[in-house]
Amino acid sequence: MTNVAYYPGCSLHGTSREFDESLRAVAAELGIGLTEIADWSCCGASSGHTTDHLLGVALPARNLALAEAQGFDTVVAPCAACYNRMSAARLAIATEDGLAEQIPDILGHPFANSVHVHNAVELLHDASTIIEEKVAAALAPNPLEGVKLAAYYGCLLVRPFEVCGYDDPEQPTSMDDVINACGADDVDWDMKVECCGGAFSVSRTKSVLRLGRAIIDNARAHGAEAIIVACPLCHSNLDLRQKAMAQRGEEPMPILFVTQMVGLALGLAPVDLGLGRHFVDTEPLIARLVQQAAERVAAEKLAKEEAAAKAAARAEKQKVGAAAGTSGGAEGGEAQ
Amino acid sequence: MSRVGVFICHCGENIGRTVDCEAVAEALKDHPGVAVAKDYKYMCSDPGQQLVKKAIEDNDLTGVVVAACSPHMHEKTFRRACDQAGLNKYMCEMANIREHCSWIHEDRGEATEKAIDITRTIVEKVKHNKPLESIRIPVTKRALVIGGGIAGIQAALDIADGGHQVVLIEKEASIGGHMSQLSETFPTLDCSQCILTPRMVEAYQHPNITLHTWSEVEKVDGYIGNFNVKIRKKARSVNEDLCNGCGDCQAACPAKRIPSEFEAGLGKRTAIYVPFPQAVPNIPVLDRQNCTLFKGRRKGLAKVACGKCKEACLKGAIDYDAEDTFVEEEIGAIVVATGFQLYNIGREQPEGLKGYGEYGYGEVPDVIDGLQFERLASASGPTAGAILRPSDGKEPKTVVFVHCVGSRDPEKGISYCSKICCMYNAKHAMLYKHKVHDGRAVAFYMDIRAAGKGYDEFSRRAIEEDGAEYIRGRVSRIFRDGDVVKVWGYDTLSQEQVVIDADMVVLATAMRPQDGVRELAQKLSVSTDEHGFINEAHPKLRPVETNTAGVFVAGACQAPRDIPDAVAMASAAGAKVMSLFSADELEREPAVAIVNENTCIGCMNCAKVCAYGAIEQREICAVDGHVCGHVAYVNPGVCQGCGTCQAVCPSKSVELQTFTDEQIFSEINALCYWE
């Protein structure tokens with residue numbers, strides 16, 4: 001059992017509660033201990049770091065320092081913005097002159113910058129062997145087996161490379177690996193790292209609709225049945241705004257958090273994964289997948305039985321043939 | 001007793017402004033062993049040299065110190081003057097009071113003091129100089145040219161026309177290099193093959209040129225004028241003496257679907273093949289990797305899996321059991337002209353480089369590189385010169401050209417400009433518009449770098465006469481959307497995002513040195529830069545020489561080069577080789593290490609540290625002829641006078657003739673004793 005500090009940030013306590021719920025459920029299943037950092041505060045995303053660089057470093061540093069003081073060496077920050085701010089602060093303190101000395105002064109307690117920051121994708125990617133094992137061992141048929149899913153990374157999960165550094169910034173594959181670990185098939189599509197419009201959802205909704213439409217259309221064109229995300233803002237832009245994007249009565253495209261996907265593969269109940277909280281209804285997709293899985297398993301079972309029956313029949317026939325062959329051999333012996 | 005003459009130069013104002021030259025002369029006048037000390041405005045001028053010569057004669061000087069500029073600048077000048085005045089030229093030394101003193105200091109008093117100190121140290125050194133003789137080494141008047149592209153061909157022809165033997169080696173099956181793949185060339189739009197193939201044939205038929213294709217340099221020993229080069233002739237499986245180039249083997253070969261390297265993957269070839277119809281020599285090679293027979297052999301099949309080419313060959317030239325052979329050549333000078341390769345673009349990259357995953361190269365068939373476009377536009381190419389896109393063979397109506405893919409992008413590991421892309425993009429846009437009149441050519445560029453004769457006019461022509469649309473900005477993503485290739489970019493002049501539904505995209509990729517150039521450089525003891533390009537000896541004044549004497553460089557293996565540059569470099573390298581071959585012996589300065597065989601203990605530490613491989617072990621024989629020990633021997637032809645051996649010798653038995661321990665200690669003493 002690995003133990004990591006958990007930094008939910010504002011989104012996972014608010015608009016993206018299903019990300020929090022599914023992460024906790026999946027972590028428990030995979031044997032990852034999550035301890036929420038006591039007394040955590042805002043990561044400073046957008047408003048903090050656009051106001052002042054030092055403020056933008058000090059705010060996430062406070063949370064990192066708390067995790068460090070509480071004895072952790074790794075923090076999981078599932079929200080892409082939190083993750084990016086914390087990683088950026090960590091890098092700044094490590095590389096910028098004077099910051100390492102200045103920050104403890106500002107925080108009012110010592111800070112050695114010793115805590116690593118992971119996002120949800122990294123956490124699950126590291127656990128992908130366990131996921132594979134658990135999925136294989138699950139009793140219920142895996143509803144995701146062979147399902148085509150598009151991994152959508154957005155901007156902050158893998159960029160800038162100096163800050164994130166765990167995956168290719170233009171063609172990332174870590175979330176695709178997690179999709180494959182769940183038994184599903186990753187879709188090779190073009191909009192993996194394109195912009196969802198971010199916080200312009202409020203001020204320039206039209207732009208966000210245009211960007212989101214391009215992403216969803218491309219995923220659909222490449223055969224995806226759902227888009228997998230790991231950022232609350234990406235999720236809200238693609239999920240909440242999707243109704244306004246639809247132009248020609250297309251089938252809605254369910255947007256799932258990566259943790260929800262893993263949860264489904266592990267056989268957790270949709271309700272425990274917060275799958276009922278989405279604007280694009282996930283119910284029809286899940287129902288269809290579960291049914292498909294059941295049919296597939298039934299068909300496999302039938303095929304197996306038929307094969308067994310055939311094999312038995314063949315064995316029977318051979319037995320008879322062999323008996324005839326033996327007698328034939330005996331005749332040959334006589335002739336000699 | 002020494003009688004040293006000291007001559008202090010003002011170098012106009014260069015030294016005189018900061019150093020009181022008269023005071024320096026005055027101070028040195030009374031230095032022990034100095035017979036005469038004079039200052040003069042320009043010592044290197046004719047009257048200045050006369051002054052030195054006259055002083056040598058009048059005072060019967062035993063040594064001369066010229067306190068002036070760096071020895072790189074005028075040591076030769078003053079040594080020649082001493083020689084003319086009857087003094088051994090190695091008794092003359094420079095004291096550098098310009099670069100090491102006047103140019104870098106401001107305080108006149110202190111600079112003068114320092115100039116005096118510098119001059120004194122050299123006076124003390126000169127007192128211990130011994131008359132030396134220049135080293136003479138014989139020259140083998142045969143050149144090796146490595147690489148049979150346009151640069152190598154040009155260098156080989158120039159040297160051969162000058163009356164000297166040339167060995168030209170090429171690792172591919174035919175000479176011609178990248179130029180043979182091009183359609184037309186900027187800025188005149190001549191057909192590349194039409195101007196190149198006559199040269200290829202000329203090189204092949206030249207009585208002074210020995211051509212080895214399908215060959216590589218295995219090993220290089222020796223030194224300037226006296227290289228010994230071992231050449232590996234890779235197994236061709238075709239006897240070059242018997243083959244008459246009829247092509248029956250190619251026609252008979254059943255493996256016909258191998259991507260052709262010459263067609264940049266856009267065409268197919270057979271397993272036994274001549275890379276292109278105009279190949280020189282017109283002798284096929286058997287690609288054993290893709291040959292059915294060899295595939296069978298690798299699988300361990302008992303029966304012969306194919307053999308059609310051998311059956312078809314009426315000359316009996318095909319030999320499946322041929323092995324690599326080696327040729328050794330005595331060589332006097334080497335020209336390296338190994339050329340370039342293109343950057344990979346996609347995910348697969350060598351160490352240190354990153355790719356452009358977002359451009360879809362290798363995944364979207366209609367995203368191609370510049371060389372592939374050359375093949376599409378070439379009359380001898382897979383489409384016979386029609387511009388047709390690879391995916392469905394349709395004529396593309398909108399083509400996007402992207403400049404600087406890889407080049408000038410330190411993020412991807414290549415910070416340099418590849419130099420030729422601005423021009424060939426303009427050419428591609430032109431060729432496309434000439435062939436598809438109703439087509440649209442769009443180019444995304446960073447800057448237009450069209451420095452060269454007729455170059456800017458050419459790229460303007462693409463825009464103004466042929467109507468290519470130039471957008472200043474980068475492309476962020478290229479992907480396939482149904483039938484079209486979507487290009488997302490940004491126009492930095494109008495500050496707007498641009499989306500183009502293209503039918504085909506051509507990426508102008510960076511030029512990189514060929515694979516294996518580092519290994520070759522190691523064999524030749526020449527250095528490469530961080531990207532693997534071969535370093536020239538001096539970026540301005542010695543552009544075609546390398547740091548290893550007798551090894552020259554030409555073309556795109558030194559830096560990105562276009563055809564005129566490569567040809568000019570090749571001719572320059574050829575001229576350098578010819579000047580080397582103009583004498584029967586080479587004269588070298590005696591700045592080499594000498595081993596004292598009486599004290600050498602034969603530990604060979606010196607050989608281990610010698611960067612030039614100049615030191616070998618020699619046997620010492622007693623009077624009766626039996627071997628009684630070993631000592632080190634420094635080959636004066638190879639030694640570069642670095643002094644590393646001198647530093648590691650435990651028995652103090654090896655010394656640079658021009659920097660003996662005695663001389664160096666005297667210099668140090670001079671600094672310590674005189675105030």
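Two strands are said to pair if DSSP finds at least two bridges between them. Strands (E, at least two residues) and helices (H or I, at least four residues) are DSSP runs, numbered from the N terminus. The model is predicted: local features need pLDDT of at least 70, side-chain atom pairs count only at pLDDT 80 or more, and totals for chains, interfaces and linings use all residues. Residues are numbered from 1 along each chain as its sequence is written, while chains are lettered from A and ligands numbered from 1 in the order in which they are written.

Chain B holds an open sheet of four strands, in the order β2-β1-β3-β4 and with parallel pairing. Its edges are formed by β2 (34-40) and β4 (92-96) of chain B, each of which pairs on one side only. Within the sheet, β1 (residues 4-9) and β3 (residues 63-68) of chain B are joined by five bridges; G63(B) is the bridge partner of V4(B).

Two helices of chain B accompany this sheet. Helix α1 (residues 21-29) of chain B lies across β1, β2 and β3 of chain B and runs at about 175° to β2(B). Such angles run from 0 to 180 degrees between N-to-C directions, with axes fitted as lines to C-alpha atoms, for helices over the stretch in contact. Contact requires C-beta atoms, placed from the backbone, to lie within 7 Å.

In chain A, β1 (residues 2-6) runs parallel to β2 (residues 32-36), joined by five bridges, and V4(A) has L34(A) as its bridge partner in β2(A). β1(A) also pairs in the parallel sense with β3 (residues 74-76) of chain A, over two bridges.
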